Amino acid sequence: MREKTRELLKTEHYTNLFSMDKDNIVEMLKFDEKDAEELFRKAREVRSKYMEKFVVRGVVEASNYCRAKCLYCSMNAGNEKLPRYRMSADEIVKSAWKGYNHDIKMILLQTGEDPLFLDYMIPAIKRIKSEMPDAEIICCNGERTEKEYQALKDAGADKYILKFETSNPELYKKYRPHSTLEKRLNCAHLIKKVGLGLGTGFIIGLPGQTDEDIANDILMIKNLQPTPMASACPFIPNKGTELENEKAGDLFYSFKVVGISRLINPSVCMPACSPYEYLKKGGQIDGTGIGCTSVTIRLTPDKYRDLYQLYTNDRITINLDMAKEVVEAAHANWENF
Ligand code: 5AD
């Protein structure tokens, strides 16, 4: 089996890669460094052929209020120690301008599952769209109703990120006890139904996850097509959560996951996410060598940053200079195959 899987990576017929099955994926997840190099090379090749360029996105973390109870996230509703904040539409627009002035035209408006999110999201989206007409707005605000997704779309939003987190329904229920995988996937369906581009993805290395689970996660991205964006980020234990003493996801393993995802989903935008950098200095630059196509910088005002601790208390904050370095590294390995 391993030999067959290795052979697969030599193919010039990309359709063989796009249609690879679960057994091949599980086999690749077990690759050692040497075999993984071949996988990464092929992922770069596919990315270079199917994707035009590496993009920088700017994120405004507009509110850390959250009604959800995710065991892995320090912003979960049960964390009473965390002071909560909510930005005004005016603050959000000002933050978006900080990015736009540096030519960042993909603005990600992220919040916890704040029940009041439409109050500031709608005016903020409308103003960004009128003041920065060529900006793309990506929302990431959790599980919502069709009406709410529609309201974002009507205000001018372009895309919406809702990762499914894990395709294993039992693990899903364990780590997100307030919801179900079925509900999550239905939200993904509603997002597409109202005409927003769906960004999706999952977490790598949640305690109890197996190679089979991860293979199913990778295949789930394909099942959710069309999806313009997908992220595969390693689990980072958050302080103050039930999972704080668990092991973090492994970077090398995560890179194999991203490489395989790239082979199967050639033209999907995949971020070199901040946990790569957290796990290893230079991790995001390394991510450009395995098929990643975007990096995100934070536009959130300083006074709120420490309160939006998605991954860790000492979340790595990429600045514009670092982002430029990552873009340069990416374009340097955009090989001519
Ligand atoms: N480790 C990795 N990813 C996480 N997310 C939230 N908490 C963690 C964590 N501890 C991701 C989830 C969520 C997104 C907004 O952040 O995938 O969908």
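I began with Arg 6, which is partly exposed because 15 other C-beta atoms lie within 10 Å; by the rule I used, 20 or more other C-beta atoms within 10 Å make a residue buried, 12 or fewer exposed, and anything in between partly exposed, with C-beta atoms placed from the backbone. I note that this is a predicted model, in which local features need pLDDT of at least 70, side-chain atom pairs count only at pLDDT 80 or more, and totals for chains, interfaces and linings use all residues. Residues are numbered from 1 along each chain as its sequence is written.

Arg 6 lies in helix H1 (residues 2-8); I took helices (H or I, at least four residues) and strands (E, at least two) as DSSP runs numbered from the N terminus.

**Two positive phi values**

I looked up Asp 103, in the loop between H5 and S2, and read a phi near 70 degrees, positive although the residue is not glycine. Asp 103 is exposed because it has 7 other C-beta atoms within 10 Å. Glu 165, in the loop between S4 and helix H8 (169-175), also has a phi near 70 degrees. Is Glu 165 buried or exposed? Glu 165 counts as buried because 21 C-beta neighbours lie inside 10 Å.

**Sheet**

I traced an open sheet of seven parallel strands in the order S6-S5-S4-S3-S2-S1-S7; two strands pair if DSSP finds at least two bridges between them. Its edge strands are S6 (229-234) and S7 (294-298), each pairing on one side only. Within the sheet, S4 (residues 159-161) and S5 (residues 197-204) pair over three bridges, and Tyr 160 has Leu 198 of S5 as its bridge partner.

**Cis peptide**

Finally, I recorded a cis peptide bond between Gln 225 and Pro 226, with omega about 0 degrees. Pro 226 lies in the loop between helix H10 (211-223) and S6.
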